[in-house]
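Colleague: I would like a close look at a single part of this model, with the terms spelled out as you go. Please take your time over the answer.

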Amino acid sequence: RSLLQPQRFCDFLTLRLASPGPAGVHRQVLFVTVGWFAGYYLMRRMEYVHAKVDRELFEYVRQHPEDFKAADKRRIGELLEDFYPVR
């Protein structure tokens, strides 16, 4: 039997329209909303903690310049080793 036969098609439509398709959508919307707010506040907290650590580190570097001298400027060729292709 094919789905294109009238009786089978009507049975298919009856089953699809009678099934609870949108059931549980309210829970999905609730979970998405809760997840969005939780993620938003966790991101804000993470950014605050990182900013606090950065502020403390920059203050330490500012107070102890002898420990953090500027490095000599070198060209990229001086930093990399010579390349010898292996075949």
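What is the relative accessibility of Tyr40, and as what does Tyr40 count at that value?

Modeller: At 39% relative accessibility, Tyr40 counts as partly exposed, because that class lies between buried, under 20% relative accessible area, and exposed, over 50% (1.4 Å probe, protein chains only). Before going further, please keep in mind that this is a predicted model, in which local features need pLDDT of at least 70 and side-chain atom pairs count only at pLDDT 80 or more, while totals for chains, interfaces and linings use all residues. Residues are numbered from 1 along each chain as its sequence is written, and side-chain values use heavy atoms, with hydrogens and water left out.

As for its setting, Tyr40 is found in helix H2, one of three helices in a protein that has zero strands and follows the pattern α-α-α along the sequence; helices (H or I, at least four residues) and strands (E, at least two) are DSSP runs, numbered from the N terminus. On confidence, pLDDT is the predictor's own score for each residue, from 0 to 100, and its mean over the protein is 84, with 78% of the residues at 70 or more. Among the elements, helix H2 (residues 25–63) has the highest mean pLDDT, 95, whereas helix H1 (residues 6–18) has the lowest, 68.

Rings of Phe, Tyr and Trp (its six-membered ring) pair if their centres lie within 6.5 Å, and planes under 30 degrees apart count as stacked, over 60 as edge-to-face and the rest as tilted. By this rule the count comes to four aromatic pairs. In one of them, Trp36 and Phe37 have ring centres 5.0 Å apart and planes at 90°, so the pair is edge-to-face. Tyr40 and Tyr41 also form an edge-to-face pair, with 5.2 Å from centre to centre and 80° between the planes. Ring pairs link Trp36, Phe37, Tyr40 and Tyr41 into a cluster.

Turning to the other members, Trp36 counts as exposed at 54% relative accessibility, while Phe37, at 41%, is partly exposed, as is Tyr41 at 48%. Trp36, Phe37, Tyr40 and Tyr41 form a nonpolar patch on the surface, with about 480 Å² of accessible area together. Patches are made of residues with over 30% relative accessible area and no salt bridge, like charges being joined within 9 Å and nonpolar side chains (Val, Leu, Ile, Met, Phe, Trp, Tyr) within 5 Å; accessible areas come from the Shrake-Rupley method with a 1.4 Å probe, and for residues only the protein chains shown count as cover.

The structure holds one salt bridge.

Key
A salt bridge is a side-chain nitrogen of Lys or Arg within 4 Å of a carboxyl oxygen of Asp or Glu.
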